[in-house]
Amino acid sequence: MKQSAKRYSPLQSALMSGAIATTAAVSVFGPVWCRSVQAALQDSPKAIVDQVWQLVNREYVDGSFNNQDWIATRKTLLKNNYTNREQAYSAIRQTLKKLNDPYTRFMDPQDYQTLTSQTSGEVSGIGIRMEVDQQTQLLTVVEALENSPALKAGIKAGDVILAIDGKTTKNMKIEDASELIRGKVGTSINLRLGRPTQKPFDIKLTRSTIEVPTVMYTLRKEGNRQVGYIRLREFSAHAAEQMQRAIRQLNASNVDGFVLDLRGNPGGLLNASIEIARMWLDKGDIVRTEDRKGGSELTKANSTALTNLPLVVLVDGNSASASEILTGALKDNKRATVIGSKTFGKALVQSVHQLADGSGVAITIAHYYTPKGTDINKKGITPDIQMDLTASQERQLASDPKLLGTNQDPHYARALSILSNNYFASGEQNQLSRKSVVLPKP
């Protein structure tokens, strides 16, 4: 789900584009229906309205429904005749507004499909990351993703995309190009590419399911120490396995400490945040959730940490939701030093349901608290070292994302200072740390 942040951060566009911003547990409405019942519901706008009412009635975190007479609301909704889906959708949206909860919202089929694609961490396409080159203003390939049709076809970083299925990309926006490139798995697409060393050429590719990389990592040589820099863009269904791979690879390179960058990360799946927290925490509480009946569930670390080496976490005002669960767990357990700006302040959990006609609804079902019992909703997490970037620093990082995680990135530079001055263990201790870590099977 998208979420409007307290303020726009240029880092958000550098770290995450088109992000979901929810801590969600995805599910499908009710029991498995027979096809005839599903078909009837698809053709009944009023049935969709009632489905949404029933789900909210059953799950919504506030039993008073923001002091609304929820039974009377249903009677009013069902008195109306809806001649088409648009009328039903409008009635649903107006009803949900009365809850005064921006995270409980209705999605039409297209919006619901977008959300599920984001949470799944998969897209249908050819597997490239693109940008409009600032100097040439040409649509340029930044990266061909691992195991993608693009990589297998020999597409390289720096290739210019001149046309997509015969349509010129001159003055084309990234969003429009992405829409043209995405499509049904198994369908073909033709690209005309430019490359400095040769004449423009055409290439035909077949779309496939692509796992979107949400974890970026690199080994930084900082003086006589090695730092593992990990950037987590969102908590998708593949985020935990990608994080596990990153930590293991960096451990194998004998890093002395880690910097985990959650800036601009708007959230994602609750389970992904818990799994990732367990990779850094060997013991201690992670998060406590509470539903409308006062039912409480405490999630703990389970002795499966991949490393206990020194860790610094970077956050900003757009680090939200699942990012705050992870940050709160690491901060409260004194597992990491947190640097940056105060986080967004979203301490609500949503369930996401698909409806019979392909639309969907997200419903706030619980409130969460950090291990120390802190309610961060609308307050955020205050970093151990609060360090707000100036407008010029933000512009510089936004204009050149390659500076993130380098000495020209003020937050990262401060993280290095903290690691070097206070937290780097000796080489002998680090070796002991690596040997003592139990690595679960992937």
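Trainee: Does S323 count as buried or exposed?
Mentor: This is a predicted model, in which local features need pLDDT of at least 70 and side-chain atom pairs pLDDT 80 or more, while totals for chains, interfaces and linings use all residues. Residues are numbered from 1 along each chain as its sequence is written, and side-chain values use heavy atoms, leaving out hydrogens and water. Buried means under 20% relative accessible area, exposed over 50%, and partly exposed in between (1.4 Å probe, protein chains only). S323 has 0% relative accessibility, so S323 counts as buried.

Trainee: Which residues does S323 touch, leaving out those up to four places away in sequence?
Mentor: S323 lies in helix 11, residues 322-332; a helix is a DSSP run of H or I with at least four residues, numbered from the N terminus. Contact means heavy atoms within 4.5 Å. By that rule S323 touches F235, L262, N265 and G267.

Trainee: At what distance does the S323 side chain reach the backbone oxygen of N265?
Mentor: A polar contact pairs N or O atoms within 3.5 Å; within protein, one must be able to donate a hydrogen and the other to accept it, and residues adjacent in sequence count only if both atoms are side-chain atoms. From the S323 side chain to the backbone oxygen of N265, the distance is 2.9 Å.

Trainee: Which residues in helix 11 meet helix 10?
Mentor: Helix 10 spans residues 270-280. From helix 10, L270, S273, I276, A277 and W280 take part. Their partners in helix 11 are A322, I325, L326 and L330.

Notes:
Helix = DSSP H or I, 4+ residues; strand = E, 2+ residues; numbered from the N terminus. Axes fitted to C-alpha atoms, helices over the stretch in contact; angles between N-to-C directions.
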